[in-house]
Amino acid sequence: MKLVGIAGSIADQSYNRTLLNFIAKHSKGVIDIEVLDIDEVPMFSQDDDQTSSAVIQKLSNKIKSADGVIIATPEHNHTVPAALKNVIEWLSYEIHPFDGKPVMIVGASYHTQGSSRAQLHLRQILEAPGVNAIVLPGNEFLLGNVKEAFDDNGDLKDQRTIDFLDSTLQKFIKFAKVINMIDADNYEKEDLTASGSTDTTVEGVDMADDDWLDKAAAKVNAVEGNTYVKLDAGLLTVNQLNYMLKTTPIELTYVDENNQFIYYNRFLPTEKMLAKRTPAQVGDSLADVHPGKERVIKHVKQVINMLRNGKTDLVSMPVPGGDSNHHVMHYYKAMHDEEGNYKGVNEWAVDLKPIVDEYLKETGQMLVPDPNAKVDATAGASKKADAEVDATSSASKEEAEPEKPEVDATSGASEH
């Protein structure tokens with residue numbers, strides 16, 4: 001289970017950060033906890049909205065992608081520190097990453113009572129409209145007399161305190177699993193109409209326009225031809241990029257974080273593609289790419305929501321072919337920038353059968369049936385591929401609806 005920790009203090013020597021670091025170290029192998037910094041968060045002001053700033057977006061994305069949050073709060077004047085309240089203000093103004101998120105509250109204080117009053121106040125704040133966190137009821141962990149609680153390695157000294165912390169963490173793990181299971185259908189909130197905007201959105205051009213590519217390129221003065229583009233590991237002209245991408249022997253698609261289909265590599269003519277796309281579709285929202293296909297829309301939302309929220313980094317979908325000469329796979333990979341912000345989906349489609357056949361031919365090996373394999377008898381070649389959940393194709397297909405997207409077991413998905 002993947003959790004994030006937030007210490008309510010921005011002091012250089014923070015006992016609450018020490019507590020979170022101990023929890024992360026002590027629980028390693030059971031849960032993965034990333035302790036986040038809040039010392040660079042600006043002062044909240046509605047007159048100076050910095051919601052889109054890197055520091056706020058990073059906090060938001062880390063929280064959204066986690067299975068739960070542990071907040072360690074000191075007590076300042078019988079309440080939470082200003083720095084912690086300030087963070088929650090930003091994360092409940094224009095964005096709401098705490099909405100439906102399981103939260104556990106802990107705290108450390110110099111005095112015997114721990115941070116009991118601050119914890120009570122924090123619980124009220126987190127459950128307020130606009131924040132809407134789901135806080136673990138009861139089970140407060142109150143660490144008092146904190147100056148004597150840790151040894152020189154930052155470890156808690158008292159075994160009874162450690163045992164109580166362990167029991168509280170185990171309850172929170174169970175609590176978070178239940179909450180996340182209940183919220184599994186959150187994919188329905190995924191907006192495929194691309195009604196928002198992002199740094200790649202071209203304003204003033206109708207995304208449904210068949211000539212979107214030319215009009216959008218003219219709007220932003222896009223370079224083309226032999227103009228050079230500096231990449232992170234090379235220098236290529238636009239023509240060279242096109243040559244390389246169009247000769248890459250798989251079908252590539254780029255869908256941005258606003259769910260707008262903005263590129264495919266035209267590796268093959270439309271009629272020969274595994275997932276048929278046309279130049280006129282470039283610029284369309286994913287909702288327009290799948291007009292009237294409610295079952296497909298459901299699965300597209302599931303896939304994208306899993307990738308956006310960090311439930312998995314990779315989703316793979318087998319697409320039954322029309323005969324035994326094909327084994328078509330669709331892969332959906334979440335893309336992120338240097339700060340870890342979700343930037344859309346890299347989709348590729350490939351027929352693995354020719355690759356396997358070439359491997360067997362070159363190595364002199366052969367495939368044999370596995371007597372222990374459990375093959376889905378209903379997944380025959382006659383099934384067409386609405387099950388494929390192609391994020392961009394508008395090709396007509398017979399519908400076969402799986403209950404949920406198949407997640408590649410090697411994708412690093414966070415297990416619940």
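**A walk through a predicted model**

N259 lies in the loop between β9 (251-255) and β10 (261-264). I start there for its backbone. N259 has a positive phi of about 65 degrees, and yet N259 is not a glycine. Most residues other than glycine have a negative phi. Is N259 buried or exposed? N259 is buried, and its relative accessible area is 0%.

One caution before I go on. This is a predicted model. Please keep that in mind throughout.

There is another asparagine to show you. N132 also has a positive phi, about 60 degrees, and is not a glycine either. N132 sits in the loop between α4 and β5 (134-135). The setting of N132 is partly exposed, with a relative accessible area of 34%. So we have N259, which is buried, and N132, which is partly exposed.

Now the whole chain. The protein chain holds 10 helices and 13 strands. Its length is 416 residues, and buried residues make up 45% of them. The chain exposes about 22,200 Å². Carbon and sulfur atoms supply 51% of that area. Next, contacts along the sequence. Take the contacts between residues at least 6 apart in sequence: 66% of them join residues at least 24 apart.

On to the inside. In soluble globular proteins, nonpolar side chains tend to be buried together. Here, the largest nonpolar core has 30 residues. Which residues have the most contacts inside it? They are L19, I70, L143, F150 and L156. Several elements give two or more residues to this core: β1 (2-7), α1 (15-26), β3 (68-72), β4 (102-108), β6 (141-143) and α5 (159-182). Which element gives the most? That is α5, with eight residues.

Let me zoom in on F150. Set aside its neighbours within four places in sequence. F150 is then in contact with Y15, T18, L19, F22, L143, D155, L156 and K157. Two of those names, L19 and L143, were also on the list of residues with the most contacts inside the core. There is also a second, separate core, of 28 residues. Its members include I38, I56, W90 and A118.

Next, V4. V4 lies in strand β1. V4 is buried, at a relative accessible area of 1%. Follow the chain from V4 to I70 and you cover 66 residues, but their C-alpha atoms are separated by 6.3 Å. V4 also touches I70.

Helix α1 brings us to R17. Is this arginine buried or exposed? R17 is buried, with a relative accessible area of 19%. The cut-off for buried is under 20%, so R17 falls inside it. R17 touches A7, S9, I10, A11, D12, V35 and D37, again leaving out residues up to four places away. R17 and P74 are 57 residues apart in sequence, and their C-alpha atoms are 9.9 Å apart.

R117 lies in helix α4. R117 is partly exposed, with a relative accessible area of 36%. Not counting residues up to four places away, R117 touches E75 and H78. From R117 to N77 is 40 residues in sequence and 9.3 Å in space, C-alpha to C-alpha.

Stay with α4, and look at its partner. Helix α3 (residues 82-90) packs against helix α4 (residues 116-126) at an angle of about 10 degrees, and their axes are 11 Å apart. That angle makes α3 roughly parallel to α4. Which residues meet? From α3 come L84, K85 and I88; from α4 come L122, I125 and L126. By class, this contact has five nonpolar residues, no polar ones and one charged.

Last stop, Y187. Where is Y187? Y187 is in the loop between α5 and α6 (212-219). Y187 counts as buried, at 9% relative accessibility. Y187 touches K298, K301, Q302 and N305, not counting residues up to four places away in sequence. Y187 and H299 are 112 residues apart along the chain, and their C-alpha atoms are separated by 9.0 Å.

That is the tour. Thank you.

Conventions
Residues are numbered from 1 along each chain as its sequence is written. This is a predicted model: local features need pLDDT of at least 70, side-chain atom pairs count only at pLDDT 80 or more; totals for chains, interfaces and linings use all residues. Side-chain values use heavy atoms; hydrogens and water are left out. Helices (H or I, at least four residues) and strands (E, at least two) are DSSP runs, numbered from the N terminus. Buried means under 20% relative accessible area, exposed over 50%, partly exposed in between (1.4 Å probe, protein chains only). Contact means heavy atoms within 4.5 Å. Accessible areas come from the Shrake-Rupley method with a 1.4 Å probe; for residues, only the protein chains shown count as cover. Axes are lines fitted to C-alpha atoms, for helices over the stretch in contact, and angles run from 0 to 180 degrees between N-to-C directions. Angles under 35 degrees count as roughly parallel, over 145 as roughly antiparallel, 65 to 115 as roughly perpendicular and the rest as oblique. Ala, Val, Leu, Ile, Met, Phe, Trp, Tyr, Cys and Pro count as nonpolar, Asp, Glu, Lys and Arg as charged, and the others, Gly among them, as polar. A nonpolar core is a set of buried Ala, Val, Leu, Ile, Met, Phe, Trp, Tyr and Cys residues joined through side-chain atoms within 4.5 Å.
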